[in-house]
Amino acid sequence: MNRAFTLLVTFVYIIACNTVKSDDKHQDLKRVWMLTEFGQFDKNELSKKEAYLDLTQPQNAGSKMGCNQLSFPYTIKNDKEIGFTDGFATKMYCQDMQLENEFTKKITEVNQYVVDGQKLILTTKSGAKMVFVAQD
């Protein structure tokens, strides 16, 4: 009985150690990113609003720019190209929605991305940039 139990535990351990790891080459993109540079908004304002972009789920990416929860899917086209589609947002009214409105407008124009360690740079077709740092 002990020998059978030991063999079973060993078998389970071997199987667990040999599970297939994700070969998703875009795994470095799938994180929560804090917005640090965007248009005329300064770093202090972005930090105060706790502006972030959650790319952990491509079918349901999320964001918050200080007021409403934003949700939209994205598609990684290759190692440099990404596309965001129109999504939806909660409909709370906040006094200052300038950042949220500008972000919502620009995110659908993004077509390029670069991940450099803890930094993500999204670029629009017109050359506008959004710079993020990894939350973790």
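**A strand pair, a disulfide and a pocket**

Modeller: In this predicted model, Gln 112 stands opposite Thr 123 in β9.

Colleague: What makes β8 and β9 a pair of strands?

Modeller: Two strands pair if at least two bridges are found between them. Six bridges join β8 (residues 110-116) to β9 (residues 119-124), so the two count as paired. They run antiparallel.

Colleague: What lies between the strands of that hairpin?

Modeller: Two residues. In this hairpin Gly 117 takes a positive phi near 65 degrees.

Colleague: Why is the link of Cys 67 and Cys 94 called a disulfide?

Modeller: The cut-off for two cysteine sulfur atoms is within 2.5 Å. Here the S to S distance is 1.7 Å, so the pair qualifies. The structure holds one disulfide, and with 75 degrees about the S-S bond this link is right-handed.

Colleague: Are Cys 67 and Cys 94 buried or exposed?

Modeller: Both Cys 67 and Cys 94 are buried, which means under 20% relative accessible area for each.

Colleague: How many residues line the largest pocket, and how much space lies in it?

Modeller: About 240 Å³ of space lies in the largest pocket. Of its 18 lining residues, those closest to the centre include Leu 70, Phe 88 and Thr 104.

Colleague: Which element gives the most to the lining?

Modeller: α3, with four residues.

Notes. Residues are numbered from 1 along each chain as its sequence is written. This is a predicted model: local features need pLDDT of at least 70, side-chain atom pairs count only at pLDDT 80 or more; totals for chains, interfaces and linings use all residues. Side-chain values use heavy atoms; hydrogens and water are left out. On a 1 Å grid over the protein atoms alone, a cavity is a set of points where a 1.4 Å probe fits but cannot get out, and a pocket is an open set with protein on both sides within 12 Å along at least five of seven lines; lining residues have an atom within 4 Å of a point. Grid points are joined across faces, edges and corners, and a volume is the space filled by probe spheres set on the points. Buried means under 20% relative accessible area, exposed over 50%, partly exposed in between (1.4 Å probe, protein chains only).
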